[in-house]
Amino acid sequence: MAADSDDGAASAPEASDGCINKCPKSGDELIQVPVVDVQSDNFKEMWPSLLLAIKTASFVAVDTELSGLGDRKSLLNQCIEERYKAVCHAARTRSILSLGLACFKLQPDKGEHSYLVQVFNLTLLCMEEYVIEPKSVQFLVQHGFNFNRQYAQGIPYHKGNDKGNESQSQSVRTLFLEIIRARRPLVLHNGLIDLVFLYQNFYAHLPESLGTFTADLCEMFPSGIYDTKYAAEFHARFTASYLEYAFRKCERENGKQRAGGNPHLTLEFCSYPSSMRAHIDYRCCMTPATHRPHPTSICDNFSAYGWCPMGPQCPRSHDIDLIIDTDEAVIEDKRRRRRRREKRRRALLSLPGTQTSGEAEDGPPTKQVHGDLKAEEIDQKVAEVDKKDQPGSDQDHKNDLEKELKATRYETTDMATSEVPGGQASLNPVPGDGLHRAGFDAFMTGYVMAYVGVIQGPQSCSSEPWLPECHNKVYLSGKAVPLTVAKSQFSRSSKAHNQKMKLAWGSS
Ligand SMILES: [Zn+2]
């Protein structure tokens, strides 16, 4: 309860101040992340703070909670164009239930990687008919989603193209336009589905082709789109890349960086006035160490994909720290083996008659061989020995084809409700992640990208985009290459989009 208790006497600020006293939150202490709940009864009141947070942000992280996704198989079509069509179909027929925004503002005076973070969770209500899948309802309810509140307090919005001049209204669609106007990097996790839904629900009717869609996105977000799943998997090379894993991994690495006196991420949150407290949920970032279960076997499913069909009933551990500990031990083990292999290699090389050259220690072995063992043969021999003490597969990356799809969050209900044989007590308390999940997920997403910024080091030149290796690369499940957000010379932007852009830049 650190973040909210230290200035209870704060006076009510101007709404547009967005925040008053900031309390630095770093170190290994429990971080409390304030998530501001925005719904129809405080939307107008929060509007100025929302706009200020967006306009002053260095980047904005976004997450959505959806009413469903429809057919899972077509969403994973090997043909990306087909996959796009399937997501478009989902976006036209389904709706966004909540929108999470995390605005990260660099504070250069406080350190190279110091950010002020503001997190919002907007509860929405689509005013047109939409499909909501029973599975989704079931899952959401089980995870604390409050449909009563959504219907009573959801901020209404309509999909597709604008109806008349909406740009002056205080609506979620205008808010989305403000994110575009801010011209800041947009950060998402496994972002294709989010992008398609955001476009259809808050912007305009989706274009027919993927090429047009990416051309539009390019203009909408000139500072780039970033995907933390791509960054975690292909850039940071984490063992797994689902959001909770990537976040916790970054958090732990950041702690090490800090302890070692190296560049690290520092976050500050606003201290909100007591009048706003009713709308703020303080989410705890770290799993307290006391919650760690006793040494127990880890659930393979959860470890690899971040979900498990048994949910909280699973007798095996879903503890993310335990999972990361195990993964790190595996990596360390591999490293040790590699070292051992190198030693053996040297030993073999130094055997009389196997010397490859006079300077075997330096540089790669030359082709010229004196003894009866060639360099490659030595390599092979070492590899053979090495294989023997390497149990199991050589799976460096946990493969997460379809299961990573956010859609599967909903699918978990299938078996989660089934009986657990023997009535084993759960070792995994249900995480309190139901409420404001889009907001907190957006926060975790932003955190991962900010941390990637730390390991990337200082930007080489200012004309370059932020984190060039992750710039405009959107993760594609089951693909080794990301979707590149670019405007090709063959694809033109869409008509609806061009009108929106006129509106966005014309009236700002
Ligand atoms: Zn499990």
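A residue is called buried if its relative accessible area is under 20%, exposed if it is over 50%, and partly exposed in between, with a 1.4 Å probe and protein chains only. Helices (H or I, at least four residues) and strands (E, at least two) are DSSP runs, numbered from the N terminus. The model is a predicted one, in which local features need pLDDT of at least 70 and side-chain atom pairs count only at pLDDT 80 or more, while totals for chains, interfaces and linings use all residues. Residues are numbered from 1 along each chain as its sequence is written, and side-chain values use heavy atoms, with hydrogens and water left out.

Just after H7, Arg-183 takes a positive phi of about 55°.

Most residues other than glycine have a negative phi. Asn-190, however, has a positive phi of about 50° although it is not a glycine; Asn-190 belongs to the loop between strand S7 (186-188) and helix H8 (192-202), and it counts as buried because its relative accessibility is 7%. Asn-472 has a phi near 55°, again a positive value in a residue other than glycine, and it is placed in the loop between H17 and strand S11 (473-474), where a relative accessibility of 9% makes it buried.

A further buried position is found in a strand. Thr-123 lies in strand S5 (residues 114-126) and is buried, its relative accessible area being 3%. If its neighbours within four places in sequence are left aside, Thr-123 is in contact with residues including Asp-37, Leu-97, Arg-149 and Ile-155.

How are the aromatic rings arranged? A pair of aromatic rings is described by the distance of the centres and the angle of the planes. Rings of Phe, Tyr and Trp (its six-membered ring) pair if their centres lie within 6.5 Å, and planes under 30 degrees apart count as stacked, over 60 as edge-to-face and the rest as tilted. The structure holds 26 aromatic pairs. One of these joins Tyr-199 and Tyr-203, which are edge-to-face at 5.0 Å centre to centre with 65° between the planes, and both of these tyrosines are buried. Another joins Phe-247 and Tyr-447, whose ring centres are 5.1 Å apart and whose planes stand at 80°, so that this pair is edge-to-face as well. Because Phe-247 lies in helix H11 (residues 243-259) and Tyr-447 in helix H17 (residues 437-456), the pair ties together parts that are 200 residues apart in sequence. Phe-247 and Tyr-447 are both buried, and they belong to one aromatic cluster that also includes Phe-59, Tyr-226, Phe-440 and Trp-466.

Charged side chains meet some of the rings. A charge sits over a ring if NZ of Lys or CZ of Arg is within 6 Å of the ring centre and within 35 degrees of the ring normal. Arg-283 lies over the face of Phe-440, at 4.0 Å from the ring centre, and the charged end of Lys-229 sits over the ring of Tyr-475, 4.7 Å from its centre.

Which protein donors surround the zinc ion? Donors are N, O and S atoms within 2.8 Å of the metal (3.2 Å for Na, K and Ca), and water is not among the atoms, so sites may look incomplete. The protein donors are Cys-299 (SG), Cys-308 (SG), Cys-314 (SG) and His-318 (NE2), which lie 2.1 to 2.3 Å from the ion and follow the spacing C-x8-C-x5-C-x3-H along the chain. Four donors count as tetrahedral if all angles lie between 85 and 135 degrees; the 4 donor atoms here subtend angles of 101 to 118°, and the arrangement is therefore tetrahedral. Cys-299 is buried at 5% relative accessibility, Cys-308 at 7%, and Cys-314 has a relative accessible area of 3% and is buried too.

Note on methods
Four donors count as tetrahedral if all angles lie between 85 and 135 degrees; four count as square planar and six as octahedral if opposite donors are over 155 degrees apart and all others between 65 and 115; anything else is irregular. Contact means heavy atoms within 4.5 Å.
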